[in-house]
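Hi,

Here is the structure I promised to pass on. Could you have it open while you read the notes below?

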Amino acid sequence: MRAGIAFLIVAYMLSQFYRAFLAVLAPVLAQDIGTTTGDLARASGLWFAAFALMQLPVGWALDHIGPRRTASILFALGGAGGATLFAMAQGPGAITLAMILIGIGCAPVLMSTYYIFAREFSAAIFGTLAGVTVGVSSLGNILSTAPLAWAIESFGWRETVGGFAVFTLLIALAIALLVRDPKKPEGEAKGSLLDLLRMPAMWPILIMMFVCYAPAAGLRGLWISPYIADIHGAALDQIGTATLVMGLAMVLGNFLYGPADRIFHSRKWPILIGNLGVALLCLSFWILPPSGLWGAVAVFAVIGLLGASYPIVISHGRSFCPPHLTGRGVTLLNLFGMGGAGVMQFASGPVYAGLVSHSGANAAYGHLFALFGLVILLGLSVYLFSRDSTG
């Protein structure tokens with residue numbers, strides 16, 4: 001089982017890579033096949049949308065056929081297949097379709113890991129395991145920064161993405177061979193998703209889940225690159241370094257949030273405080289924009305650090321899920337998390353286009369990032385009334 005979990009973590013590392021690699025690929029895709037920032041915002045948003053919409057069937061599959069077949073089949077067909085299509089793309093439409101397929105393929109990977117943790121380990125350490133998993137897997141986020149920029153310059157973007165397609169297929173085969181499905185508890189067939197939706201304790205957490213990941217995912221996955229290029233004249237190597245710094249901050253944030261519930265005897269308050277910090281920093285781009293390239297990178301890094309609350313929010317919601325609905329519970333939470341990121345990413349392209357046409361790039365970025373902050377504040381105003389739980 002340990003080997004199987006290790007390969008699931010590697011698969012989620014690839015998921016982190018695919019959701020963030022457009023930020024570095026943006027300049028070469030624009031030059032080679034004519035993609036625009038709006039095209040990539042739409043493609044990125046649809047990745048998250050496909051990922052989110054797959055959570056309901058994935059939750060059912062985890063509870064009924066187990067994580068081994070669910071993860072390996074979808075990761076091979078969607079993940080490897082979508083990456084292959086991406087490598088052969090001749091225009092923005094193919095990039096969009098490839099990102100949708102990759103989102104479908106990546107959808108079951110983290111939830112399969114969490115499903116095994118929830119079944120095989122105590123609830124008290126679920127948050128720590130969840131945080132460590134996302135933290136280690138965030139190496140994929142790092143891989144999509146300076147290392148990806150180096151690979152593109154050395155081998156070309158098509159060859160690089162094609163290589164990742166082959167690697168994705170190999171990891172899917174390893175999952176099929178090495179993952180072992182946990183035993184099902186008694187009463188497995190009873191209950192449904194509606195039972196979770198009827199629980200009042202879940203709704204404030206679902207709202208928080210919808211907003212908490214959107215700023216870090218949106219800024220790191222797409223907007224940091226055009227922002228520092230347009231406002232500070234950053235070159236490809238500087239974009240690679242900047243995204244690396246923000247990615248490393250997100251890795252550290254996952255490790256810090258993981259055991260926070262046991263340290264502070266609360267899941268609610270670390271989430272509240274951290275996300276309030278994210279909101280204020282996003283608003284700072286509008287109120288008092290950072291001066292200089294590395295000042296901006298520092299702000300992005302702190303947003304990445306504080307915006308890595310995703311695992312502990314999952315842990316908060318999972319603490320209210322009955323055992324026989326574990327799969328559907330964690331995937332419902334993930335649906336809201338990825339769905340929120342997808343909605344914000346999808347909307348950010350047209351919002352920016354409308355803003356820049358009226359007020360110029362500086363003001364447009366400030367207003368767009370402030371919108372991310374306002375969305376977080378709205379989520380926090382609801383989450384404030386949630387029931388707390390401890391490690």
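Below is what turned up, starting with the salt bridges.

This is a predicted model, where local features need pLDDT of at least 70 and side-chain atom pairs count only at pLDDT 80 or more, while totals for chains, interfaces and linings use all residues. Residues are numbered from 1 along each chain as its sequence is written, and side-chain values use heavy atoms, with hydrogens and water left out.

There are three salt bridges (a side-chain nitrogen of Lys or Arg within 4 Å of a carboxyl oxygen of Asp or Glu). One of them pairs D63 with R328, with the closest N and O atoms 2.7 Å apart. D63 sits in helix α4 (residues 55–64) and R328 in helix α20 (residues 326–383), so this pair ties together parts 265 residues apart in sequence. D63 is buried at 0% relative accessibility, and R328 is buried too, at 9% (buried is under 20% relative accessible area, exposed over 50%, partly exposed in between, using a 1.4 Å probe and protein chains only). Another bridge joins R198 to D195, again with 2.7 Å between the closest N and O atoms; R198 is exposed at 57%, whereas D195 is partly exposed at 28%.

Now to helix α11, residues 157–178 (helices are DSSP runs of H or I, at least four residues, numbered from the N terminus). T160 in this helix is buried, at 8% relative accessibility. T160 touches L148, A151, I152 and F155, leaving aside residues up to four places away in sequence (contact means heavy atoms within 4.5 Å). L173, also in α11, is partly exposed at 48%.

Cheers

Technical notes:
Helices (H or I, at least four residues) and strands (E, at least two) are DSSP runs, numbered from the N terminus.
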